[in-house]
Structures are given as structure tokens and as C-alpha cells.
Amino acid sequence: RYLRGWLVRKGGKEAETKRRKAILKVQQWYKDTKKKIQEIEDIKKARKAYKKKAERERIAREKAEKKAAAAREARLAKEKAEREAREKAEREAEEEKARKEKEAIAKRDKKQKEMMDKFEKDKEK
């Protein structure tokens, strides 16, 4: 009887141990699977966030490039206008100088002619 009770208890303990180990295995598998699923979801979220961030950065970069291009065009247009105004002023100054020189030459020639005429008249007298 003692031996039989001991064997029954031993068998019960072994069965209980097997059952607990099986439960622990299932719990561990469930925990691992849940962890893997969570990791996959986190990776998906990270990819989505990265794509979103990359898109925002691309849009911001394009906007900044457009703004820079517009500023560059405005600067070039301003420089061109300033250059044209400066060249026009220089041309006008040169034309004015040439006109004054012509007038001075004409005035000198007129004076010389008058002096020659006067000299001729004096000579005739």
C-alpha cells in the first residue's frame, strides 16, 4: 500500500510537472509570437514614418529650391537692369562729350573763319 501510494503520488507529480511544462511552453510561444508581431508592426510604423518624413523633406527642399531660383532670377534681373542703366548713362555721357567736342570744334572753326574773313577784309583795305 505504501509503495502503491508513493507510485500514484509520483505519477501524479510527473503528470502535473508535464502539464506545467506544457503550459509554460505554450505561454512562452505566445509571448514570443506576440513579440515578433509587435516588432513587425513597429518596423512597418517606422517605415511609414520614414516615408512620410522623406516626403515632407522632399517637398520642403523643392519649395526652398523654387524660392532660391526665384531669388536668383530676381537678382539677375536686377543686376541686368542696373547694368543696362549704367551702360545707357555711359553712352549718353559719351554722346554728350562727343557733341560738346563737335560744338567746340565748330565754334573754333567759326572763330577761325571769322578771323580769316576779318584778316581778308583788313588785307583788302
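A word on terms before anything else: helices (H or I, at least four residues) and strands (E, at least two) are DSSP runs, numbered from the N terminus. What you see is a predicted model, where local features need pLDDT of at least 70, side-chain atom pairs count only at pLDDT 80 or more, and totals for chains, interfaces and linings use all residues. Residues are numbered from 1 along each chain as its sequence is written, and side-chain values use heavy atoms, with hydrogens and water left out.

The protein has 1 helix and 0 strands. Its C-alpha trace spans about 180 × 15 × 5 Å along the principal axes. The radius of gyration, taken over C-alpha atoms, is compared with a globule rule of 2.2 Å times the number of residues to the power 0.38. For 125 residues, a compact globule would come out near 14 Å, but this protein has 53 Å.

How much of the protein is buried? Buried means under 20% relative accessible area, exposed over 50%, and partly exposed in between (1.4 Å probe, protein chains only). Buried residues make up 0% of the 125.

Now the salt bridges. In general, side chains of opposite charge can pair when their charged atoms come close. The rule here is a side-chain nitrogen of Lys or Arg within 4 Å of a carboxyl oxygen of Asp or Glu. By that rule there are 7 salt bridges.

Take Arg75 and Glu79, whose side chains meet at 3.4 Å, N to O. Both lie in helix 1, 4 residues apart, about one turn of the helix. Arg75 has a relative accessible area of 43%, so it counts as partly exposed; Glu79, at 35%, is partly exposed too.

Glu16 forms a salt bridge with Arg20, with the closest N and O atoms 3.9 Å apart. These two are also in helix 1, and again 4 residues apart. Glu16 is partly exposed at 32% relative accessibility, and Arg20 is partly exposed at 46%.

Arg99 is partly exposed at 37%. Going back to Glu16 and Arg20, salt bridges that share partners join them with Arg19 into one network.
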